[in-house]
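Trainee: I would like to work through this protein with you. Can we take it one question at a time?

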Amino acid sequence: MIDATDREIIEALQGGLPLVPAPYAQVAEILGMDEDALLYRLAELKSRGVIRRIAAAPNHYKLGMTSNGMTVWDVDDDRITELGARVGALPFVTHCYERPRAVPDWPYNLFAMIHGVDCDEVEAKRAEIAAILGDACRAKDILYSTRILKKTGLRLKSKEQAKG
């Protein structure tokens with residue numbers, strides 16, 4: 001559960017941090033609180049699992065990474081935790097997670113997003129993942145991005161939106 005102050009903090013940050021040298025100080029000032037108090041409350045929200053992280057969401061296309069593929073893998077259930085952790089630790093994997101299969105149409109249970117300047121780079125990175133998975137992988141595929149999707153984090157309705 002969150003209180004009114006937590007809600008104000010989340011609403012103030014849900015659009016992103018201001019691009020200034022001291023963003024938390026600016027947000028704290030807007031909220032009428034001390035920066036240390038804001039940071040403490042954010043740490044508490046994180047420790048309670050209300051928020052998972054505050055992170056940058058770069059536009060890969062503007063960084064020159066115009067080839068983007070979600071690799072999907074059918075990995076042995078007994079090894080997915082170990083192998084998923086290894087894949088997720090690769091420096092070029094931006095998202096890695098396990099999902100249930102939807103057999104018979106979708107046998108994949110491990111997903112890893114990779115980016116590259118072209119398809120050859122993405123395919124080389126995919127080959128690195130395949131080498132890690134080895135014989136624990138029964139099937140694989142890759143879904144290339146065809147357009148940019150807007151990324152957003154947590155969004156709370158304002159009190160006015162909640163009433164209407």
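Predicted model: local features only at pLDDT ≥ 70, side-chain atom pairs only at ≥ 80, totals over all residues.

Mentor: Residues are numbered from 1 along each chain as its sequence is written, and side-chain values use heavy atoms, leaving out hydrogens and water.

Trainee: In what order do the elements of the protein chain run from the N terminus on?

Mentor: Helices (H or I, at least four residues) and strands (E, at least two) are DSSP runs, numbered from the N terminus. The protein chain has six helices and four strands. Their order is α-α-α-β-α-β-β-α-β-α.

Trainee: What percentage of the 164 residues count as buried?

Mentor: Buried means under 20% relative accessible area, exposed means over 50%, and partly exposed is in between (1.4 Å probe, protein chains only). By that cut-off, the buried share of the 164 residues is 29%.

Trainee: At what angle do the axes of α1 and α3 cross?

Mentor: Axes are lines fitted to C-alpha atoms, for helices over the stretch in contact, and angles run from 0 to 180 degrees between N-to-C directions. Helix α1 covers residues 4-13 and helix α3 covers residues 35-47; their axes come within 11 Å. T5, D6, I9, I10 and L13 in α1 meet L38, R41, L42 and L45 in α3. The crossing angle is roughly 95°.

Trainee: How are α2 and α3 oriented, roughly parallel or roughly perpendicular?

Mentor: Angles under 35 degrees count as roughly parallel, over 145 as roughly antiparallel, 65 to 115 as roughly perpendicular and the rest as oblique. Helix α2 (residues 23-31) packs on α3 at about 100°, with the axes 8 Å apart. That angle makes the pair roughly perpendicular.

Trainee: How far apart in space are Y24 and L38, C-alpha to C-alpha?

Mentor: Y24 is found in helix α2, and at 22% relative accessibility Y24 counts as partly exposed. Contact means heavy atoms within 4.5 Å; not counting residues up to four places away in sequence, Y24 touches L17, E35, L38, L39, L42 and I54. Y24 and L38 are 14 residues apart in sequence, yet their separation in space is 7.5 Å.

Trainee: Which residue makes a side-chain polar contact with D74?

Mentor: D74 lies in strand β1 (residues 67-75) and is buried, at 8% relative accessible area. A polar contact is a pair of N or O atoms within 3.5 Å; within protein, one must be able to donate a hydrogen and the other to accept it, and residues adjacent in sequence count only if both atoms are side-chain atoms. At 2.9 Å, the side chain joined to that of D74 belongs to R101.

Trainee: What separates the C-alpha atoms of R99 and L110?

Mentor: R99 is found in the loop between β2 and β3. R99 is partly exposed because its relative accessible area is 42%. R99 and L110 are eleven residues apart along the chain, and their C-alpha atoms are separated by 6.3 Å.

Trainee: Which peptide bond is cis, with omega near 10°?

Mentor: Look at the loop between β2 (93-98) and β3, where P104 has its place. The cis bond is the one from V103 to P104.

Trainee: How many disulfides does a search of the whole structure find?

Mentor: A disulfide is a pair of cysteine sulfur atoms within 2.5 Å. C96 is partly exposed at 27% relative accessible area, and C119 is partly exposed at 42%. The number of disulfides found is zero.
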